[in-house]
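Morning, everyone. Please take a look at the structure on the screen, and then we'll walk through it.

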Amino acid sequence: MSLLASAQQADLPRHVSLTEAIQQAQANEPIFAAAVAAQKTMKIDSYLAKASLLPSVTYHNQMLYTQPNGQTNQGGQVGTQSSPIFIANNAIHEYTSQASINETVGLKQLADAQVASANSARASAELEIARRGLVSTVVSLYYTVSTAEEKQKVQAEALQEARDFSSLTQKREAVREVAHADVVKAELQLQQRQRDLADATVLASRARLELAVLLFPDPRAAYTTDAPASSPPLPTRDEVNQLASTNNPEIRSALAGLRASDAGVKSAKAAYLPDVALNFTYGIDAPQFAKRGPDNVPNLGYSIGGTLDIPVWDWFSTQKKVKQSEILRDAAKVTLTAAQRRLIATLEESYAEASTARDQLDLLDQSVHTAAESLRLTKLRYAAGEATALEVVDAQNSYLTAQTSQADGLTRFETALAALQVLTGSI
């Protein structure tokens with residue numbers, strides 16, 4: 001019995017909530033995955049840029065053998081030794097085992113680290129923008145599925161209503177209560193409803209497939225969704241303004257881009273300044289791989305080096321790079337101000353849309369009830385011979401339009417509310 005119950009449960013369509021749909025889409029959508037990868041790589045770039053400011057340590061080991069030339073020299077050691085045939089080498093046998101610490105100090109390195117840090121912040125903001133865009137898409141598709149299925153149900157009911165009316169006209173024609181024109185009108189209405197139901201079925205199937213592409217390995221998988229809430233709450237204007245002003249990724253991205261551009265200008269100007277390279281080496285570089293050589297001469301020791309490179313002439317390349325970075329900085333300023341203006345406009349548009357859609361829900365409910373009552377009364381009048389078939393058809397069309405508008409109105413409000421939530425980062 002339990003196996004049968006398990007099999008039946010396995011055949012049931014999977015129920016998917018809006019939260020689960022968003023999570024599944026984030027795991028499957030390639031553009032969002034690319035944004036995640038970009039954010040992670042930029043974060044690593046920022047770490048590498050900061051790490052380059054710190055001293056690097058290497059442990060170098062080398063053994064050289066050079067053919068002797070038959071002569072002898074002192075070679076830096078006590079006594080004489082055979083001279084190597086290559087003048088660049090110090091001895092016939094040379095062993096190197098040294099720990100080397102290197103550090104380069106310059107304004108360019110600091111500026112490059114600031115650029116990388118700003119780019120990492122911008123990539124994080126771009127990831128949030130991609131996430132919110134994906135959420136908006138999923139919400140729209142999610143409620144489109146519910147609306148399409150509701151419209152399909154409404155069309156099926158309208159088709160049944162048209163069948164009943166067609167049957168009624170045929171019966172009344174048989175007893176000579178109405179003219180054949182009523183039967184023709186009812187048949188035309190029935191045929192139209194059959195076409196409408198077929199179109200609604202196709203649209204519902206298409207909506208389900210569009211959402212399933214983001215959720216399942218097989219888009220043909222059966223699933224169910226939640227219908228839009230009848231009267232979900234709408235946040236106040238002050239709450240929306242506060243959240244949107246403090247939690248907007250477009251503004252964060254533009255600010256990070258401006259910081260990166262400022263640091264880029266600083267990095268370009270740093271080419272006018274000298275860089276200091278420091279080196280500390282400790283170990284051996286001797287003809288013997290040992291702490292001490294002949295006559296107890298020490299082989300183990302250290303050396304310290306410093307280099308100062310002063311730029312003198314580069315055919316105005318640095319000047320052009322500075323100009324180039326300043327042009328990019330000016331463009332980043334324009335992007336920031338445009339993002340600020342767009343935020344204000346989008347906030348006003350989104351809240352007005354959500355508020356209007358919410359206010360219309362009650363009117364849509366009243367329209368459905370009024371149209372249903374009108375249809376009921378018109379059918380009674382037709383049965384009593386006081387109304388025409390055209391009036392019945394008009395009442396049917398009005399009722400169908402009211403039901404369809406109600407389904408669209410619920411989806412419109414849910415989508416507008418989700419847009420506000422996405423704008424404020426609360427979803």
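Predicted model: local features only at pLDDT ≥ 70, side-chain atom pairs only at ≥ 80, totals over all residues.

Glu161 has a partner. It forms a salt bridge with Lys379, and the closest N and O atoms are 3.0 Å apart. Glu161 sits in helix α4 and Lys379 in helix α8, so this pair links distant parts of the chain, 218 residues apart. Lys379 counts as partly exposed, at 34% relative accessibility.

Next pair. Arg412 forms a salt bridge with Glu353, with 2.7 Å between the closest N and O atoms. Arg412 lies in α9 and Glu353 in α8, so the bridge ties together parts 59 residues apart in sequence.

Now a local one. Arg193 and Asp196 form a salt bridge too, at 2.9 Å. They are three residues apart in helix α5, about one helical turn. Arg193 is buried, at 5% relative accessibility. In total, the count comes to 12 salt bridges.

On to helix α2, residues 18-28. Leu18, Ala21, Ile22 and Ala25 are buried there. What covers the buried residues includes α4 and α5.

Last, the core. The largest nonpolar core has 27 residues, and Leu18 is one of those with the most contacts inside it. Helix α4 gives the largest share, 10 residues. Leu18 itself touches Val138, Val139, Tyr142 and Tyr143, leaving aside residues up to four places away in sequence.

Definitions and conventions: Residues numbered from 1 in each chain as written. Heavy atoms only, no water. Buried < 20%, exposed > 50% of the residue type's maximum accessible area, 1.4 Å probe, protein only. Helix = DSSP H or I, 4+ residues; strand = E, 2+ residues; numbered from the N terminus. Contact = heavy atoms within 4.5 Å. Core = buried A, V, L, I, M, F, W, Y, C linked by side-chain atoms within 4.5 Å. Salt bridge = Lys/Arg side-chain N within 4 Å of Asp/Glu carboxyl O.
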